[in-house]
Amino acid sequence: CDFFGGQDDLALKLLRVLHARSFIDDPVRAIRAARLMSRLGFTLEPETAELLHSALQENLLSTVSGARLLDELRKALCEQDAFGCVCQLQESGLLEQIEPLFLFRREQTEEARGLIGAACKVCPSSTEAQFEKWHLVLAYLLRCASDEACRLVLDRFAAPRKVQRAFEQARQCLRSLSGAF
């Protein structure tokens, strides 16, 4: 028995919340929705899209702890197609609400993938490198931010020392490859 029409939604590749308070009860569901849309090639059902838009208007992500935001962001940036997920976050308005200093446009996707791919091949050649791909993607999103601004962002996210060090290594790696920041 399919009380919520889930089979139809699967066939139509639609994501739908089960109740109108879904994003209010847990604003992080919005980030998860972007992840699933990217991973599965789904779109938001129109009423769900409107509920997400309303949640963004209410700035509900501001009620989520920095540590929880970082955890959800890490999951998004660990996706196989991290920049596909970033595109979903950016196009929905979530990326800016997670962190206003994050800079990304869909047109940058291939350039970003190339730079991150090169960094994954070149930079880990050092046995001291302790960063992962998601740290590189995070560094790319913050490429225009000053070192001090990056520290403040990581502090707001309550990033553990290990994550902060890995981010710094990833940032240095990207700087060495791109010269862009």
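User: Is Asp26 buried or exposed, and at what relative accessibility?
Analyst: This is a predicted model, where local features need pLDDT of at least 70, side-chain atom pairs count only at pLDDT 80 or more, and totals for chains, interfaces and linings use all residues. Residues are numbered from 1 along each chain as its sequence is written, and side-chain values use heavy atoms, with hydrogens and water left out. Buried means under 20% relative accessible area, exposed over 50%, and partly exposed in between (1.4 Å probe, protein chains only). By that cut-off Asp26 is buried, at 11%.

User: Which residue does Asp26 meet in a salt bridge?
Analyst: A salt bridge here needs a side-chain nitrogen of Lys or Arg within 4 Å of a carboxyl oxygen of Asp or Glu. The N to O distance for this pair is 3.5 Å.

User: Which residue in helix H5 pairs with Arg35?
Analyst: Helices are DSSP runs (H or I, at least four residues; strands are E, at least two), numbered from the N terminus. The side chains of Arg35 and its partner meet in a salt bridge at 3.1 Å, N to O. That pair links distant parts of the chain, helix H3 and helix H5 (residues 66-77), 37 residues apart. Both residues are buried, and the one in H5 is Glu72.

User: How many residues apart are Asp71 and Lys75?
Analyst: Their side chains meet in a salt bridge at 3.4 Å, N to O. Both sit in helix H5, about one turn of the helix from each other. The separation is four residues.

User: Which helix gives the most to the lining of the largest pocket?
Analyst: On a 1 Å grid over the protein atoms alone, a pocket is an open set of points with protein on both sides within 12 Å along at least five of seven lines, while a cavity is a set where a 1.4 Å probe fits but cannot get out; lining residues have an atom within 4 Å of a point. The lining of the largest pocket includes Arg29, Arg32, Ala33 and Leu36. Helix H2 (22-25) supplies at least two residues, but the biggest contributor, with four, is H3.

User: What volume does the largest cavity have?
Analyst: Volume here is the space filled by probe spheres set on the grid points, which are joined across faces, edges and corners. Among the residues lining this cavity are Phe23, Ala30 and Leu94. Its volume is about 50 Å³.
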